[in-house]
Amino acid sequence: MAEKHFSLSALALVALVVTANGQAADAEAYREFYPHVAIDPARGVAGGADAEFGATLQYWQDEQALEQNKGFIGQVDQEWKLNWKFMDLDRSDDMHPGYLALEKAEKLFKFWVKREPEFRACLGEGKTDLTGLAAGYPKYDPKLKKIMTVESRVEHCAQTALWENFRQGTPENNLISLYFKSLSATAPIKVDTNSPEIMASYKRGEKLFYTKVGQYNFSCASCHTSSGLLGQRFRGQVPTSPFADAAHFPTYRMNLGDIESLQQRFMRCNLQARTKGLPPGNPDYTDLEVFYTVLSNGYPVSVPSAR
Amino acid sequence: MAEPMKVRAKLAGDVLDVKILISHTMETGQRKDAKSGQVVPAHFIQNVTVDLNGKTAVAAQWGAAISKDPFLGLKLKGAKAGDTVTVNWEDNKGGKGSGATTIT
């Protein structure tokens, strides 16, 4: 009992110190911000001022536009205008390693579902048909009082239904997420922008997009807007527009030889800009994923894919 | 080896377009395991043969410089619909794999 009292008073003391220093701690975290660009989250892929994001939307906004501008492929100074979406053109032709990973993923998923049929119901939140469900992620789960991404849903369901620890960023989590998302292939992404929780997260993600961090003092916007490096060569490549960029994740990365989730991509992007990356599943990365996926609203899911 | 493998063959005029995707780790033998610090032993495909109706059309000797999950594309002349394309590979550890398709 005495011990409990002690720890309680210690807690109160800590709380006091925090409130006393709260102001100071906020002021300490000095941050610079990249100039904001107006984005309308309700309009999804078309929500940005196009000129601020490379002015390329007309070339890749749908399959027709991509087909028409097929001639850009292979031309060094034109190719980037397709926002690398031409790499998804081979949907009918299953000849890239993303499909090999998908076969492996399907086997893994079937193995676990055979052992614990509850796993499927958990992923579908009661539904057993998972087709098209992943296109609605990330979404707010009122039961868990959390924003769930495809990866965190897989992590949660593995814990509750399988008693397995498929942490986000592990190969098992990536594979099952890949399979789950592939069941929604070609379905347009539809993140619920009417949900107040999602929009609060979107706002936080938008702020993070413009927040400068790390040794280079780079923000996401430093490379992925026209006033930044979008449209110019950087590390030998032209950066993508943030619009419709979440549609093909989790993707097979040729340079890793493995499946990579969107949050792992954030982590690697941070490391390349000399910033300490956060672990996948971190709330900040979830906010950034919500921001990115809202900007992909209306664009079809193209999983499996290779980049 | 139960590794999956994909073979596609399509006729365009008199030229046969063959696409082959092999699932293989293709370890170079130069990489170290991050956890144990031990060198990961080399494990890569050495010989690939592409046969058209049982007759070898392409024979390739590969090395460690070929990427993981290799893709091979080639064009052949003198094929017709109904012919079979067979691909066989063998790696440095004696592992073998094969795949086949019928031209449509």
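In the predicted model, helix H4 and helix H7 (residues 171-182) of chain A pack with their axes 8 Å apart and at an angle of about 100°, which makes H4(A) roughly perpendicular to H7(A), since angles of 65 to 115 degrees are placed in that class. On the side of H4(A), the contact is formed by Ala101(A), Leu102(A), Lys104(A), Ala105(A), Glu106(A), Leu108(A) and Phe109(A), and H7(A) contributes Glu172(A), Leu175(A), Ile176(A), Leu178(A), Tyr179(A) and Ser182(A). Divided by class, the residues in this contact of H4(A) with H7(A) comprise nine nonpolar, one polar and three charged. When neighbours within four places in sequence are set aside, Ile176(A) is in contact with Ala105(A), Leu108(A) and Phe109(A), and also with Val154(A) and Phe166(A).

A second pair of helices in chain A was examined in the same terms. The axes of H8(A) and H11(A) cross at roughly 100° and come within 7 Å, so that H8(A) is roughly perpendicular to H11(A). Here the contact involves Ile198(A), Ser201(A), Tyr202(A), Arg204(A), Gly205(A), Glu206(A), Leu208(A) and Phe209(A) of H8(A), together with Asp284(A), Thr286(A), Asp287(A), Leu288(A), Val290(A), Phe291(A) and Val294(A) of H11(A). Eight nonpolar, three polar and four charged residues make up the contact of H8(A) with H11(A).

At the level of domains, chain A is divided into domain 1, covering 41-92 + 189-294, and domain 2, covering 97-182. The centres of domain 1 and domain 2 of chain A, taken over C-alpha atoms, are separated by 23 Å, and 22 residues of domain 1 of chain A are in contact with 20 residues of domain 2 of chain A. On the side of domain 1 of chain A that touches domain 2 of chain A, at least two residues each are supplied by helix H8 (196-210), strand E3 (251-253), helix H10 (262-272) and helix H11 (283-294) of chain A; H11(A) gives the most to this side, with four residues. By class, this side of domain 1 of chain A has nine nonpolar, nine polar and four charged residues.

The largest nonpolar core has 72 residues, of which Ala101(A), Ala105(A), Ile176(A), Leu178(A), Tyr179(A), Phe180(A) and Phe291(A) touch the most other members. Because both domain 1 (41-92 + 189-294) and domain 2 (97-182) of chain A give residues to this core, the core lies between them.

Trp80(A) is found in the loop between helix H3 (63-68) and helix H4 (97-115) of chain A. Trp80(A) counts as buried because 22 C-beta neighbours lie inside 10 Å, the threshold for a buried residue being 20 or more. The C-alpha atom of Trp80(A) is separated by 8.7 Å from that of Thr56(A), the two residues being 24 apart along the chain.

Chain B contains zero helices and seven strands, and its pattern along the sequence reads β-β-β-β-β-β-β. The C-alpha trace of chain B spans about 55 × 20 × 20 Å along its principal axes, and buried residues account for 21% of the 104 residues in chain B. Of the contacts in chain B between residues at least 6 apart in sequence, 53% join residues at least 24 apart. Between the chains, six residues of chain A are in contact with eight residues of chain B, and the side of chain A that touches chain B consists of three nonpolar, one polar and two charged residues.

How values were computed:
Residues are numbered from 1 along each chain as its sequence is written. Chains are lettered from A and ligands numbered from 1 in the order in which they are written. This is a predicted model: local features need pLDDT of at least 70, side-chain atom pairs count only at pLDDT 80 or more; totals for chains, interfaces and linings use all residues. Two residues are in contact if their C-beta atoms, placed from the backbone, lie within 7 Å. Ala, Val, Leu, Ile, Met, Phe, Trp, Tyr, Cys and Pro count as nonpolar, Asp, Glu, Lys and Arg as charged, and the others, Gly among them, as polar. Domain bounds come from an automatic or database domain assignment. A residue is buried if 20 or more other C-beta atoms lie within 10 Å of its own, exposed if 12 or fewer, and partly exposed in between; C-beta atoms are placed from the backbone. A nonpolar core is a set of buried Ala, Val, Leu, Ile, Met, Phe, Trp, Tyr and Cys residues joined through C-beta atoms within 7 Å. Axes are lines fitted to C-alpha atoms, for helices over the stretch in contact, and angles run from 0 to 180 degrees between N-to-C directions. Angles under 35 degrees count as roughly parallel, over 145 as roughly antiparallel, 65 to 115 as roughly perpendicular and the rest as oblique.
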